[in-house]
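Thanks for coming. I will go through one protein chain, starting with how its parts meet. Please look at the sequence and the structure first.

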Amino acid sequence: MLKGNIYLKGDKSISHRIVIFGSLANEKSKIYNLSNCSDVVHTIQILKDCGIKIKNDKDFLSVTGNTFTSKQKKFDCGNSGSTARFMLGLLPFKGLHGTLHGDDSLSKRPMLRVIEPLEKMGLKITNKTNNLPITFEPSIAKNIDYVLNKPSAQIKTAMILASLNNTKESFIKDNYNTRDHTERIIKYLLNDISYKKQTIKSFQYHVPGDISNAAFIIAAAILIKGSDIILKSVLYNSTRLGFIKVLCQMGADIKVLNKTEKQNEVVADINVKFSPNLRGVKIDKSIVVSMIDEIPIFAMVACFANGMTKVSGAQELRIKESDRINSVVENLKNCGADINEFKDGFTILGNKKLYYTNINNYNDHRIAMTFKILEIILKKRIIRTNQNLISTSFPEFYTILGDSYV
Ligand code: S3P
């Protein structure tokens with residue numbers, strides 16, 4: 001069973017953004033509890049390649065911003081979609097030119113979705129292609145009045161970053177209600193929510209615990225008999241709460257304690273107990289957006305619920321680090337689940353007997369962690385494999401599971 005208090009490193013989405021804002025601030029900023037996952041390390045390295053001074057101190061990262069200069073022409077985004085898309089909204093408009101690269105998985109992911117709106121804002125690229133590598137040139141930012149046509153916070157953030165280089169205000173409307181950390185950081189740092197050029201003063205920021213990483217621990221606690229944990233100081237932002245809300249609807253024993261606001265984000269402690277009587281549930285695109293990264297682990301949990309679960313409106317999952325609809329359905333089916341795939345989701349008839357078998361994780365960190373949690377549930381022990389892949393988003397996955405598993 002899982003027991004005790006658990007402290008998570010900082011949320012990955014906020015970590016990328018706050019380091020970038022550190023690079024835009026006029027003096028030295030201090031960031032506490034930053035994620036140390038390899039995706040964020042790629043964002044940090046690119047900023048360093050651009051002349052931003054970033055140093056690891058004992059319990060914080062210091063970022064001294066405001067001077068983007070680079071001899072380097074090749075920027076490595078690794079596996080990180082956020083890094084690639086954010087950098088397209090940042091570097092060209094800071095007067096840099098160069099080429100963004102990524103690993104095999106990232107090099108297959110769509111980029112025109114961010115290039116096209118950024119071109120409307122003045123982005124200049126030499127090879128208009130849907131995939132990395134992409135070469136960009138110094139670009140002058142134009143202001144824009146735009147309504148997002150894809151449910152993507154990465155596109156929204158790239159556009160907001162570009163908008164911070166023009167004195168005329170931009171308007172970027174998000175009717176999908178995707179994660180809003182960039183907007184919240186701007187409000188926190190500038191006391192203003194307009195997207196235009198303004199001076200960002202140096203700041204201190206403590207990144208709340210990663211709610212997407214919490215989802216794996218929550219799933220384990222719900223499904224392992226006797227578990228009772230408290231995840232301390234976790235991000236509790238309403239655009240990220242789909243997983244917890246849907247689990248509560250299914251009958252999971254989850255209590256939210258000590259809700260407070262810090263740095264314009266809500267933070268809370270989350271108490272999770274073993275929940276043996278889960279019921280299937282129907283979810284559609286209105287809630288999927290707030291649990292997009294948690295759908296793989298959610299599918300695994302739904303296999304232990306009574307009755308039918310249906311997920312629809314989740315086609316964005318097909319263009320993540322792997323085609324996550326396919327990778328989840330194929331692996332769960334191989335484990336004995338009654339699961340059927342369709343274009344934008346799947347159905348699961350729960351409570352079939354599952355067994356652990358060979359898993360194809362498609363080199364996708366969240367698929368690897370989903371099936372690792374299933375393995376722990378079925379084999380009742382932790383076998384530490386794929387640490388490097390898992391470190392893409394959650395380096396302390398095994399340490400936390402190991403420390404709380406009794
Ligand atoms: C993210 C947005 C989402 C999410 C990704 C992180 C962000 O991607 O899946 O893990 O930090 O903005 P999309 O913008 O492609 O939906």
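Domain 1 and domain 2 bury about 2200 Å² between them, with 44% of it on carbon and sulfur atoms. Buried area here is the accessible area, taken with a 1.4 Å probe, that two parts lose on being put together, summed over both. In domain 1, the residues that lose the most area to domain 2 are Arg-109, Arg-179 and Arg-184, together 27% of what that side buries.

Some housekeeping. This is a predicted model, in which local features need pLDDT of at least 70 and side-chain atom pairs count only at pLDDT 80 or more, while totals for chains, interfaces and linings use all residues. Residues are numbered from 1 along each chain as its sequence is written, and side-chain values use heavy atoms, leaving out hydrogens and water.

Now the bounds. Domain 1 covers 11–206 and domain 2 covers 211–404; such bounds come from an automatic or database domain assignment. Their C-alpha centres lie 28 Å apart. Domain 1 puts 27 residues into the contact and domain 2 puts in 24, where contact means heavy atoms within 4.5 Å.

How many salt bridges are there between domain 1 and domain 2? The count is 5. A salt bridge is a side-chain nitrogen of Lys or Arg within 4 Å of a carboxyl oxygen of Asp or Glu. Separately, the side chains of Glu-316 and Arg-113 meet in a salt bridge, at 2.9 Å from N to O.

On the side of domain 1 that touches domain 2, the elements giving two or more residues are α1 (12–24), α2 (38–49), α6 (181–190) and β11 (204–206). Of these, α6 gives the most, with 4 residues. Helices (H or I, at least four residues) and strands (E, at least two) are DSSP runs, numbered from the N terminus.

Is Lys-197 buried or partly exposed? Lys-197 is partly exposed, because its relative accessible area is 48%; buried means under 20%, exposed over 50%, and partly exposed in between, with a 1.4 Å probe and protein chains only. Leaving aside neighbours within four places in sequence, Lys-197 is in contact with Ser-163, Leu-164, Asn-165, Asn-166 and Thr-167.

Ser-163 is also one of the buried residues of α5. That helix, residues 153–163, is mostly covered, with 11 of its 11 residues buried. The buried residues of α5 pack against several elements, including α1, α3 (81–90) and α6.
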